[in-house]
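Please keep the sequence and the model in view while reading.

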Amino acid sequence: MGSLQSIEALISVVPVPELGPDVYTNDKPLTSQEGKRFVFGGSLVGQAVSAATSTVPPGFRLYSSQSSFLKAANATEKVTYRVERTADGRVYTTRTVHAMQGTVCVYVAVVSFQNVDTPVGKVLEYGTPMPDLGGRGPEDIEVDNVQKFQASIVDPSVPLLQLGAEERAFDFRPLGMEMSSQPSQFRIRTFVRAPPLSTRDPFVHLAALAYLSDEFSFGPALAANPRAVGKGMRNVAMGASLTHNVSFHNPLAMVDEWMLIERKTSWGAEGRVLVYQRLWNLKSGQLVLSGTQEAVVRLKDTKL
């Protein structure tokens, strides 16, 4: 067993029996940054998955998390996760998780599981193949390239949530962007993995994947519109996640193995943008996660 990695602490929850059954709270502080007010959405996504998985019978594996961010969570306060056992079936089980601060619900998730011990008979099997990378791998990219990459496209003054080093718990190696005059044709690809986790528990790895799925999540919608967002994205007045939906295609996926993320945007209007993402295991080429996120983005009246 290896040492506990920061991502394991960031997704960890503990039961709060004095508040009732199936009630959990964050095990560690929600931020390590002094004076930071808001909570990174990936923490809520990952911790809600951790809370939900604590209530399912043996043999069930996570396959879906569908969620909405309702209010900005305060990083200085604990979050309480109240798990509702919405459905318990022989094959499928569903949990609804309400993330509360006091009497305010800041986030809600519907988390679904399938019993892998129950035969399903003859099924369809297919998946989108991993893009051809031309032989390039993560070892071809510098370790600190993500910091350089982010600094090159996002000005520090932009009011987007910036994660601290401890909260950025993954090794990101940006592969590059495919620019286009049409935002919907934009693509960004990145190699990513966590440091070796202390456990092979698949629930921990999938909760970590859930956390990962929210990092830089609606960034492609901004990067795909360089003229509108301005140099360094300084024309962005605000940005925040609204909905976040993830499908887990491999219940035994390991987050500390190299993966490839591809993200794109298909639509933006009425103050909202929609982003798609897919993750493949780099060694096997297997699609392990698909997801969408809708976010609110506001631009300043005067472009800089």
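Does V106 count as buried or exposed? V106 counts as buried because its relative accessibility is 2%, where buried means under 20% relative accessible area, exposed over 50% and partly exposed in between, with a 1.4 Å probe and protein chains only. The model is predicted, so local features need pLDDT of at least 70 and side-chain atom pairs count only at pLDDT 80 or more, while totals for chains, interfaces and linings use all residues. Residues are numbered from 1 along each chain as its sequence is written, and side-chain values use heavy atoms, with hydrogens and water left out.

V106 lies in strand β6; strands (E, at least two residues) and helices (H or I, at least four) are DSSP runs numbered from the N terminus. Leaving out residues up to four places away in sequence, V106 touches S68, F69, L70, K71, A72, A73, A99 and Q101, a contact being heavy atoms within 4.5 Å. The C-alpha atoms of V106 and K71 are separated by 4.4 Å, although the two residues are 35 apart along the chain.

For the chain as a whole, 50% of the 304 residues are buried. Among contacts with a separation of 6 or more, 73% are between residues 24 or more positions apart. The chain has six helices and 12 strands.

The 12 strands form an open antiparallel sheet in the order β1-β2-β4-β5-β6-β3-β9-β12-β11-β10-β8-β7, where two strands pair if DSSP finds at least two bridges between them. At the edges stand β1 (13-15) and β7 (171-178), each with a single partner strand, so one side of each has no neighbour in the sheet. On average, neighbouring strands are turned by 25° against each other, direction ignored; axes are lines fitted to C-alpha atoms, for helices over the stretch in contact, and angles run from 0 to 180 degrees between N-to-C directions.

Strands β3 (residues 60-69) and β9 (residues 236-248) run antiparallel and are joined by five bridges. Q66 has N245 in β9 as its bridge partner. Helix α4 (residues 202-212) packs on the sheet and touches β3, β6, β7, β8, β9, β10, β11 and β12. The direction of α4 makes about 25° with that of β3.

Another helix, α2 (residues 41-53), holds S50. S50 counts as buried because its relative accessibility is 12%.

On a 1 Å grid over the protein atoms alone, a cavity is a set of points where a 1.4 Å probe fits but cannot get out, and a pocket is an open set with protein on both sides within 12 Å along at least five of seven lines; lining residues have an atom within 4 Å of a point. Grid points are joined across faces, edges and corners, and a volume is the space filled by probe spheres set on the points.

The count comes to one cavity of 30 Å³ or more. The largest cavity is lined by S217, R263, V275, Q277, G291, T292 and Q293. Strand β12 gives the most to this lining, with three residues.

The second largest pocket has a volume of about 690 Å³. Of its 19 lining residues, Q114, L124, Y126, F248 and H249 are the closest to its centre. Strand β3 supplies the largest share of the lining of this pocket, three residues.
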